[in-house]
Amino acid sequence: MLSNKLQAIVDRYDALAHSLTQPEILGDIKQLTALSKEQAGIEELAQAAKAYLQILEGIQENKALLEDKELGELAKEELKTLEEEKESLEERIKILLIPKDPNDNKNIYLELRAGTGGDEAGIFVGDLFRAYCRYADLKHWKVEIVSSSENSVGGYKEMIALIKGQGVYSRLKFEAGTHRVQRVPETESQGRIHTSAVTVAIMPEVDDVEVNINPSDLRIEVFRAGGHGGQCVNTTDSAVRITHVPTGISVSMQDEKSQHKNRDKALKILKARLYEKQIEEQQEANSASRKMQVGSGDRSERIRTYNYPQNRLSDHRINLTLYSLEELMLSGNLDPVIEPLIAHAQAQGLEQQGE
């Protein structure tokens with residue numbers, strides 16, 4: 001059964017490779033993009049499937065040689081090696097066969113907001129954002145700041161950025177939730193440890209076709225931007241607030257001098273938030289999908305604690321504790337946290353497949 005399933009995947013991959021060389025496909029950008037994405041989505045599985053099917057052939061060939069006087073011993077040794085390779089590859093294929101999140105290859109909007117803790121929470125927004133930026137550099141992703149709101153001590157009330165690159169959502173989707181920090185703030189004169197919180201939202205960037213918004217459901221307001229800015233920013237009604245009336249979701253944007261640019265940015269973020277809401281509602285309605293989540297992704301859920309006095313990072317969803325907090329934050333290499341989260345989700349997916 002497995003070999004038949006894998007052969008079908010290999011056949012589909014080869015068919016896609018052939019289609020992508022045809023003139024009628026090369027001349028149709030929309031179809032070319034769709035087929036290229038499908039091929040990229042199954043490439044790793046197809047290559048593993050080809051290797052697995054070759055191993056099966058090798059096993060059959062060597063079994064046929066076991067009774068041969070001259071080649072029997074060699075076949076026996078080769079068979080042992082092939083059986084080990086087969087077992088190892090089967091485990092990898094089981095993981096690759098887990099249904100993929102359709103958003104895994106999408107770019108994301110990263111939103112960080114200061115929660116409880118006042119100025120210290122705002123400072124940690126900046127620290128956490130810089131760690132994500134360093135991680136993005138390591139992964140060769142591109143980070144674009146969409147909007148930011150500074151506080152009075154050099155931190156941020158809010159930071160919104162667009163992160164572009166291969167597999168961004170797949171690696172950062174489990175960062176959504178409340179991140180708690182415990183440390184002595186720079187503003188603390190008595191040396192007392194404070195506890196603050198930052199909320200993180202990870203929203204996949206979406207195409208227009210994925211979120212259908214009725215223009216009559218939008219309330220668009222323009223106003224004069226506040227805070228730091230140039231001559232045009234603070235003297236014209238360039239800031240924009242867009243509210244989706246049915247859901248009450250609202251986005252304000254004032255970073256650009258142009259009202260048109262602010263409106264465009266605000267609308268893109270609004271679409272991402274509406275899409276995020278759709279995903280949450282689907283997960284709530286589909287318990288099977290819900291089981292594959294490491295956490296709910298709800299911003300109110302405390303997912304992680306950063307304890308600076310003990311140099312300890314703890315992820316509460318998988319009981320992970322690392323005593324290398326400062327190194328992780330400074331280097332930006334978050335894989336020691338992210339890889340276990342992905343592995344945990346895969347294990348849940350395997351468990352679900354077995355039910």
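Two strands are taken to pair if DSSP finds at least two bridges between them. All views show a predicted model.

**View A. Pairing of strands β4 and β5 in the predicted model.** Strand β4, residues 177-183, runs antiparallel to β5 and is joined to that strand by seven bridges. Within this pairing, Val 181 has Ser 196 of β5 as its bridge partner.

**View B. The open sheet of eight strands.** Pairing in the sheet is mixed, and the strand order is β2-β3-β1-β5-β4-β9-β10-β11. The edges are formed by β2 (142-150) and β11, each of which pairs on one side only. From one strand to the next, the twist averages 15°.

**View C. Helix α5 on the sheet.** Helix α5 lies across strands β1, β2, β3, β4, β5 and β9 (302-307). Relative to β1, α5 runs at about 155°.

**View D. The largest nonpolar core.** This core has 41 residues, and those with the most contacts inside it are Leu 110, Leu 112, Leu 128, Leu 172 and Tyr 306. Elements that give two or more residues to the core include β1 (108-114), α5 (119-138), β3 (156-164), β5 (194-204) and α11 (335-354). Helix α5 supplies the largest share, nine residues.

**View E. Surroundings of Leu 172.** Neighbours within four places in sequence are left aside here.

**View F. A second, separate core.** This core has 23 residues, among them Leu 6, Leu 20, Ile 42 and Leu 96.

Methods: Residues are numbered from 1 along each chain as its sequence is written. This is a predicted model: local features need pLDDT of at least 70, side-chain atom pairs count only at pLDDT 80 or more; totals for chains, interfaces and linings use all residues. Side-chain values use heavy atoms; hydrogens and water are left out. A nonpolar core is a set of buried Ala, Val, Leu, Ile, Met, Phe, Trp, Tyr and Cys residues joined through side-chain atoms within 4.5 Å. Buried means under 20% relative accessible area, exposed over 50%, partly exposed in between (1.4 Å probe, protein chains only). Helices (H or I, at least four residues) and strands (E, at least two) are DSSP runs, numbered from the N terminus. Contact means heavy atoms within 4.5 Å. Axes are lines fitted to C-alpha atoms, for helices over the stretch in contact, and angles run from 0 to 180 degrees between N-to-C directions.
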